[in-house]
Amino acid sequence: MKNYMDLTGRVAIVTGASSGLGYEYCKALAENGAIVAAFARRADRLEKLKKEIEAAGGTCLSVPCDVSKEQQVIDSVKKVADTFGKIDILVNNAGVMAYCPTTELKLEDWQKVVDVSLTGYFLMSRECGKYMIKQNYGRIINTGSMFGHICGKDHPILAYNATKGAVPNFTRSLAQEWARYNITVNAIGPGQFPSEMMVFDEATLEYLKQRCPIPRPGKIEELCGQLLLFASEASSYTTGQTIYIDGGWTCV
């Protein structure tokens with residue numbers, strides 16, 4: 001029987017790969033046969049990831065890159081295409097957060113969130129799309145958030161919410177534009193998962209128990225399954241969709 005989730009020989013770029021979800025996404029893609037190019041600013045963490053993937057028998061190229069810088073994106077994407085001859089999968093995952101009341105939010109902090117979490121998605125999609133269109137194949141997966149659909153009470157994260165709120169329509173717009181080139185574009189909207197931006201103390205865990213239908217934080221494998229589905233042939237007729245993986249948070 002054919003394995004529709006097999007990614008053997010596919011070349012995948014993951015941004016924000018030096019920690020958190022991006023780090024785990026890279027490992028999940030490699031474990032399912034993909035050749036991974038890991039993008040992030042912290043070169044030392046990328047090297048650690050590269051060694052882990054290679055020790056498990058996979059292939060990983062570490063690419064230090066700030067996705068908010070246009071020329072760095074252009075050069076880095078070209079490096080991947082020159083090295084492997086193609087780009088099949090893009091996972092837009094890099095993101096930052098500015099946590100403070102809106103009246104105290106500095107323009108430079110707002111701009112940093114927009115530059116990384118939205119402009120970075122555009123730059124990476126544009127450059128990878130050039131190769132995907134030529135080869136008539138591509139899979140783009142954008143990391144959104146449940147806070148792109150709702151706004152958490154007492155969470156002063158306006159810039160983060162605004163950029164994540166843009167991800168579903170960015171996804172839909174690009175999906176309809178590039179569908180003719182056999183490129184699908186979908187998004188994952190995580191709920192509460194452990195990462196550098198989300199640390200679970202006792203108060204947070206208690207709040208989760210009261211607020212979330214599945215009363216616990218998510219586990220990384222509960223995200224990776226959807227990532228692999230969108231990256232594979234199993235979802236070749238699915239595009240423009242955002243799937244919220246949030247324990248039911250957004251349904252109540």
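# Close-up views of a predicted model

**View 1. R10 sits over the ring of Y137.** R10 lies over the face of Y137, 4.0 Å from the ring centre. A charge counts as sitting over a ring if NZ of Lys or CZ of Arg is within 6 Å of the ring centre and within 35 degrees of the ring normal. Before we move on, please keep in mind that this is a predicted model, in which local features need pLDDT of at least 70, side-chain atom pairs count only at pLDDT 80 or more, and totals for chains, interfaces and linings use all residues. Residues are numbered from 1 along each chain as its sequence is written, and side-chain values use heavy atoms, with hydrogens and water left out.

View 2. Helices (H or I, at least four residues) and strands (E, at least two) are DSSP runs, numbered from the N terminus; two strands pair if DSSP finds at least two bridges between them. Strand 1 and strand 2 run parallel and are joined by four bridges, and you can find A12 opposite V36 in strand 2. Right-handed here means that, with the strands pointing away from the viewer, the path from the first strand over the helix to the second runs clockwise. Strand 2 also runs parallel to strand 3, with six bridges between them, and A38 has S62 in strand 3 as its bridge partner. The path from strand 2 to strand 3 goes through helix 2 (residues 43–55), again as a right-handed β-α-β crossover. Five of the six residues of strand 2 are buried, where buried means under 20% relative accessible area, exposed means over 50% and partly exposed lies in between (1.4 Å probe, protein chains only).

View 3. L46 lies in helix 2, and at 0% relative accessibility it counts as buried. Contact means heavy atoms within 4.5 Å. Leaving aside neighbours within four places in sequence, L46 is in contact with A17, S18, A38, F39, A40, S62, V63 and P64. The C-alpha atoms of L46 and S19 are separated by 8.7 Å, though the two residues are 27 residues apart along the chain.

**View 4. S76 is a buried serine in helix 3.** S76 is found in helix 3 and counts as buried because its relative accessibility is 7%. Not counting residues up to four places away in sequence, S76 touches F39, V63, P64 and C65.

View 5. L21 lies in helix 1 (residues 20–31) and is buried, with a relative accessible area of 14%. Look for N93, P190, F193, I220 and L223, which L21 touches when residues up to four places away in sequence are not counted. L21 and L223 are 202 residues apart in sequence, yet 8.6 Å apart in space, C-alpha to C-alpha.

View 6. Four bridges join strand 5 to strand 4 (residues 89–92), and the two run parallel; L90 stands opposite I140. The chain crosses from strand 4 to strand 5 through helix 4, in a right-handed β-α-β crossover. Strand 5 and strand 6, also parallel, share six bridges, with N142 opposite A187 in strand 6. Helix 5 carries the chain from strand 5 to strand 6, and this β-α-β crossover is right-handed.

**View 7. The largest nonpolar core has 36 residues.** A nonpolar core is a set of buried Ala, Val, Leu, Ile, Met, Phe, Trp, Tyr and Cys residues joined through side-chain atoms within 4.5 Å. Those with the most contacts inside this one are I13, F39, V80, I87, M124, C128 and I140. Helix 4 gives the largest share, seven residues. C128 touches I13, V77, I87 and L90, not counting residues up to four places away in sequence. A second, separate core has 31 residues, including V14, A34, L49 and F193.

**View 8. Two asparagines have positive phi.** N136, in the loop between helix 4 and strand 5, has phi near 60 degrees and is partly exposed, with a relative accessible area of 40%. N182, in the loop between helix 5 and strand 6, also has phi near 60 degrees and counts as partly exposed at 32% relative accessibility.
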